[in-house]
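Thank you for making time this morning.

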Amino acid sequence: MELEQYTDKAKETMVEAMESARALDHQTITTAHVMKAILLNNKKRFRKLIELVGGNYYWVIQETDKILISLPRVEGYKNLFIDAELSESIKSAEIYTQKLGDKFIGLEALFLGIVLGKSEISKKLVNKMKKINYQQVYEEDLDSGIKSSLEMSDRFFELSHQQRMLIEDLVDIG
């Protein structure tokens, strides 16, 4: 994993996910480690996003913890490995980054890569959340003034029609 291709916040999140995996005596870093790091370090930002698409932030944290607790503990290892699902999520995040016109992988791309992937946490999230109506989400976002609180690079809600359709197709497939 080359952290040079990540934004500073995404780098910090990935490092924290790795530290979490080590602290829990896990041999692999998973989508659950990364998801928890994303959510805990960016609570306000992703809590609102999860709620806008019909989810519950605290339920997501709880389900992520359940997954982390269920992972096997391995003592005496020195290196962390990236599991296949996280690897696929990172590849998806690279694609979302390109589609969003960014040069570096940001938190939104990582979040989308995980949520729209095939990991255990993504399956639970997609099953729990309602069908996403991006127009409604965008309008609610504008009305509540959240959009102004996001960084310039955080263009999740500013997706083109073609990009929204791609993501909706991915949700339908997942």
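How many salt bridges does a search of the whole structure find? It finds six, where a salt bridge is a side-chain nitrogen of Lys or Arg within 4 Å of a carboxyl oxygen of Asp or Glu. Before I go through some of them, please keep in mind that this is a predicted model, in which local features need pLDDT of at least 70 and side-chain atom pairs count only at pLDDT 80 or more, while totals for chains, interfaces and linings use all residues. Residues are numbered from 1 along each chain as its sequence is written, and side-chain values use heavy atoms, with hydrogens and water left out.

One of these bridges joins the side chains of Asp65 and Lys36, at 2.4 Å from N to O. This pair links distant parts of the chain, since Asp65 sits in helix H4 and Lys36 in helix H2, 29 residues apart; helices here are DSSP runs (H or I, at least four residues), with strands (E) needing at least two, and both are numbered from the N terminus. Asp65 counts as partly exposed at 24% relative accessibility, and Lys36 is partly exposed as well, with a relative accessible area of 22%. For these terms, buried means under 20% relative accessible area, exposed means over 50%, and partly exposed lies in between, with a 1.4 Å probe and protein chains only.

Another bridge, between the side chains of Glu108 and Arg45, has an N to O distance of 2.2 Å. Here too the pair links distant parts of the chain, with Glu108 in helix H6 and Arg45 in helix H3, 63 residues apart. Are these two residues buried or exposed? Both Glu108 and Arg45 are buried.

A further bridge, at 3.1 Å from N to O, is formed by the side chains of Glu51 and Arg47, which both lie in helix H3, four residues apart, about one turn of the helix. Glu51 is partly exposed at 36% relative accessibility, and Arg47 is partly exposed at 30%.

Let me turn to the interior. If we leave aside neighbours within four places in sequence, Phe111 is in contact (heavy atoms within 4.5 Å) with Met35, Ile38, Leu39, Phe46, Leu49 and Ile50.

H6 itself is mostly covered, with nine of its nine residues buried. Helix H2, residues 31–41, has eight of its 11 residues buried, so it is largely enclosed by the rest of the structure; among the buried ones are Val34, Ile38 and Leu39.

Finally, consider H5, whose buried residues are Leu86, Ser89, Ile90, Ala93, Tyr96 and Thr97. Seen down the axis of H5, these fall within an arc of 120 degrees, so they line one face of the helix, the arc being that of the directions from the helix axis to the C-beta atoms. On the other side of H5, Ala84 and Gln98 are exposed. Just after H5, Gly101 takes a positive phi of about 80 degrees.
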